[in-house]
Amino acid sequence: MAEKLIEVKNLKKYFNTNKGLLHAIDDVNFYINKGETLGLVGESGCGKSTTGRVLLRLLEATEGEVLFEGKDINKLSKKEMREMRKQMQIVFQDPYASLNPRMTVSEIIAEPLIVNKVHSSKGEMNNKVAELMEIVGLAPRLAYAYPHELDGGRRQRIGIARALALNPKFIVQDEPVSALDVSIQAQILNLMADLQEKFDLTYLFISHDLSVVKHVSDRIAVMYLGKIVELTDYKTIFNNPLHPYTQALLSAIPIPSIDVEKKDRIILEGDVPSPINPPKGCRFYGRCRHRQDICKQEAPELKEMGKEHFVACHFAGEL
C-alpha cells in the first residue's frame with residue numbers, strides 16, 4: 001500500500017476584502033503519496049496557487065489540516081517550521097520574478113545553504129553549488145552570470161537547483177513551464193521527471209494546461225472556484241470524466257492530427273460566480289448543461305464513484 005506523504009483535510013483559506021469574504025479554498029480534501037505527482041488543474045483564479053502556498057504554509061490556513069508525514073504543519077512553532085521547510089520547497093511560475101536580479105547564479109543557489117548553515121566551509125558550499133548546477137544542466141561558466149543574461153529555460157533551472165539545495169522530499173511546482181517556449185517546456189518537464197526518479201521526490205504540479213498535466217501526473221485533481229470537483233488517476237480522468245466541468249475542459253484540448261476523430265467541443269456559457277460570498281449550492285450551477293433544482297440548493301459532496309475516483313456532482317455517473 002502506498003505511503004501518504006501529504007494529507008490535506010478540510011482545508012480552507014479565506015481573505016477579507018472590502019466587498020466581503022473571498023473563499024479562495026473552501027473545504028478541500030486530498031492526499032499525495034510518497035514519490036508520486038498529483039496534478040492540480042483549473043481555470044485562473046480557482047485557487048490552485050493558493051492551495052500550493054497554504055500546503056507550504058507560505059500562507060496561513062483559515063481552517064483545516066495539512067499533514068506532512070502525519071504531522072500537522074499548521075500547529076508547528078516558528079522554529080519547528082523552519083526545520084520543516086527544508087523538506088518542502090517550491091518552483092515558481094515566473095523564473096525571472098522569483099530570482100534576485102542583483103545576485104549571480106551561484107549566489108542564488110547558495111542562498112538556502114547559507115541561511116540554513118548547511119556547510120561549515122566556503123569550499124564545501126561551492127562544491128555543492130557546482131554539483132547542483134550540474135544536476136539541473138547549467139554549465140559551470142554560468143556561475144557568475146545574472147538572471148537577466150539568461151533565457152527563461154536556464155532561469156527556471158536555477159529555480160529548480162535552489163529548490164533541490166536542501167534535499168527536500170516534497171516540491172510544489174506552480175505552473176513551472178507556462179512562461180516558457182514549447183520546446184523549452186519539454187526539456188524542463190523531462191528534467192523534473194528525471195529528478196523525481198533520482199531523488200525520490202513528491203510533486204504537486206499546478207497548471208491550467210491539461211495536456212501538460214497528463215504527461216507528468218499519476219493522479220489529477222480538477223479544481224473549480226475553490227473546490228475540488230473531480231480527483232482520480234490520469235487515465236480515468238481522460239477516458240471517463242464524470243464531472244461536467246472536467247468534460248468541458250477535456251473537450252477544449254486541441255488534437256494535432258487530421259486522422260483523429262475530434263470530440264464535440266463543450267462550450268461553457270455564463271460567468272464564473274464571484275468567490276466573494278459564493279452561492280450555497282453547486283458553484284458550477286450557472287454554467288452546467290445538466291443543472292437541476294437540487295444543484296442550486298445543495299452543494300454536492302466529493303464522493304467516491306469508483307475505485308479512487310472522487311466526484312462532486314449530484315448526477316455523476318448519470319450524465
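**Val-8**

I started with Val-8, which counts as buried because its relative accessibility is 2% (buried means under 20% relative accessible area, exposed over 50%, partly exposed in between, with a 1.4 Å probe and protein chains only). This is a predicted model, so I note its limits: local features need pLDDT of at least 70, side-chain atom pairs count only at pLDDT 80 or more, and totals for chains, interfaces and linings use all residues. Residues are numbered from 1 along each chain as its sequence is written, and side-chain values use heavy atoms, with hydrogens and water left out.

Val-8 sits in strand β1, residues 4–17. (Helices are DSSP runs of H or I with at least four residues, strands are runs of E with at least two, and both are numbered from the N terminus.) I then asked what Val-8 is in contact with, leaving aside neighbours within four places in sequence. I found Val-28, Asn-29, Phe-30, Leu-55 and Glu-65, where contact means heavy atoms within 4.5 Å.

I followed β1 to its partner β4 (residues 63–68): the pairing is antiparallel, over five bridges. Two strands pair if DSSP finds at least two bridges between them. Ile-6 stands opposite Phe-68 of β4. Phe-68 also has a bridge partner in β5, Lys-71. β4 and β5 (residues 71–72) are antiparallel too, over two bridges. They make a hairpin with two residues between the strands, and Glu-69 in the turn has a positive phi of about 55°.

**The eight-stranded sheet**

Next I traced an open sheet of eight strands, with mixed pairing and the order β6-β7-β8-β3-β9-β10-β12-β11. Its edge strands are β6 (88–91) and β11 (303–306), each pairing on one side only. I noted an average twist of 25° from one strand to the next. (Angles run from 0 to 180 degrees between N-to-C directions; axes are lines fitted to C-alpha atoms, for helices over the stretch in contact.)

Inside the sheet, β3 (residues 37–41) and β9 (residues 219–224) are parallel over four bridges. Leu-40 has Ala-221 of β9 as its bridge partner. Helix α1 (residues 48–55) packs on the sheet and touches β3, β6, β7, β8 (202–207) and β9, its direction making about 155° with that of β8. Helix α5 (residues 152–164) also packs on the sheet, touching β6 and β7, at about 175° to the direction of β6.

I stopped at Gln-173 in strand β7 (residues 170–174). Is Gln-173 buried or exposed? Gln-173 is buried, because its relative accessibility is 2%. Beyond four places in sequence, its contacts are Val-91, Met-192, Tyr-203, Leu-204, Phe-205 and Ile-206.

**α3 against α4**

The axes of α3 (residues 105–115) and α4 (residues 122–135) come within 10 Å and cross at roughly 120°. From α3 I listed Val-105, Ser-106, Ile-109, Ala-110, Leu-113 and Ile-114, and from α4 Met-125, Lys-128, Val-129, Leu-132 and Met-133.

**Cores**

Which residues touch the most other members of the largest nonpolar core? Ile-109, Ile-160 and Leu-164 do, in a core of 59 residues. (A nonpolar core is a set of buried Ala, Val, Leu, Ile, Met, Phe, Trp, Tyr and Cys residues joined through side-chain atoms within 4.5 Å.) A second, separate core has 32 residues, including Leu-55, Leu-56, Ile-73 and Val-172.
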